[in-house]
Amino acid sequence: MEIPMDEAEATIEHENETYFFCSTDCQSLFTDAPQSYIETPHPHLVESGGIVTSRLSYGRAKGEFDLSIENPRSLGEGDTVRFSKTITEDDVRKFAEATSDTNAVHLNDAFAEKTRFGHRIVHGTLVSGLVSAALACFPGLTIYVSQHLEFRRPVSSGESLTAECKIVDELEHDRYQLTTRIENENSELVLDGTATVLIDPLPERPESR
């Protein structure tokens, strides 16, 4: 994986080359076995309770997740993942820059005060992105197929949100139907919906050469 130099969490000089890392975890892996890391690069995937997910320990990315999964080798109805994160002002600004969604209701106080909301609100797609973050917590490689969602209430910068994704039906060809919900710290429903995902096995770690 390549990352911009100015976004690197850590760097190392090795044999007249500078290596940039998204996290200190990856930096430590490199320090322990630099040649193996160079020849057979493989992401340092985050685990929870012995369950390997497709999540990376990535730079400044924040958030916490938990799993309620009966058998990680055979997902089924009722298996659930949750991801929690506080939406910051920095998140809103960076999302606006990355997507070019510069709607003033998200970025300008004077403008937003005159709208039906009375204050600035977080981009809806930034909020719904927490569903995608939660899906990456399932064991295996989760691939979005479809999503239906409804926004139930606006979100303000500084709110702490929890996205919950629960399998409600096993479909054919490794596909699953899920409910997707996001609540704020007051247990108020922010987003409600359903999704269909495809969950592949994780790629095997390459053998050292």
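This is a predicted model: local features need pLDDT of at least 70, side-chain atom pairs count only at pLDDT 80 or more; totals for chains, interfaces and linings use all residues.
**Ground rules.** I kept local features to pLDDT of at least 70 and side-chain atom pairs to pLDDT 80 or more, while totals for chains, interfaces and linings use all residues. Residues count from 1 along each chain as its sequence is written, and side-chain values use heavy atoms, without hydrogens or water.

**The sheet.** I looked up the strand order and found an open sheet of six strands, β5-β6-β8-β9-β10-β7, with antiparallel pairing. Strands here are DSSP E runs of at least two residues, helices are H or I runs of at least four, and both are numbered from the N terminus; two strands pair if DSSP finds at least two bridges between them. β5 (64-68) and β7 (141-151) each have a single partner strand, so one side of each lacks a neighbour in the sheet.

**β6 with β8.** I then followed β6 (residues 80-86), which pairs with β8 (residues 160-170) over seven bridges. Val-81 has Cys-165 in β8 as its bridge partner.

**Salt bridges.** I noted 11 in the structure, each a side-chain nitrogen of Lys or Arg within 4 Å of a carboxyl oxygen of Asp or Glu. Arg-82 meets Glu-164 at 3.0 Å, N to O; this pair links strand β6 to strand β8, 82 residues apart.

Next I checked Asp-109 and Arg-120, whose closest N and O atoms are 2.9 Å apart. Asp-109 lies in helix α5 (residues 109-113) and Arg-120 in the loop between α5 and α6 (124-135). Arg-120 is buried at 17% relative accessible area, whereas Asp-109 is partly exposed at 43% (buried is under 20%, exposed over 50%, partly exposed in between, with a 1.4 Å probe and protein chains only).
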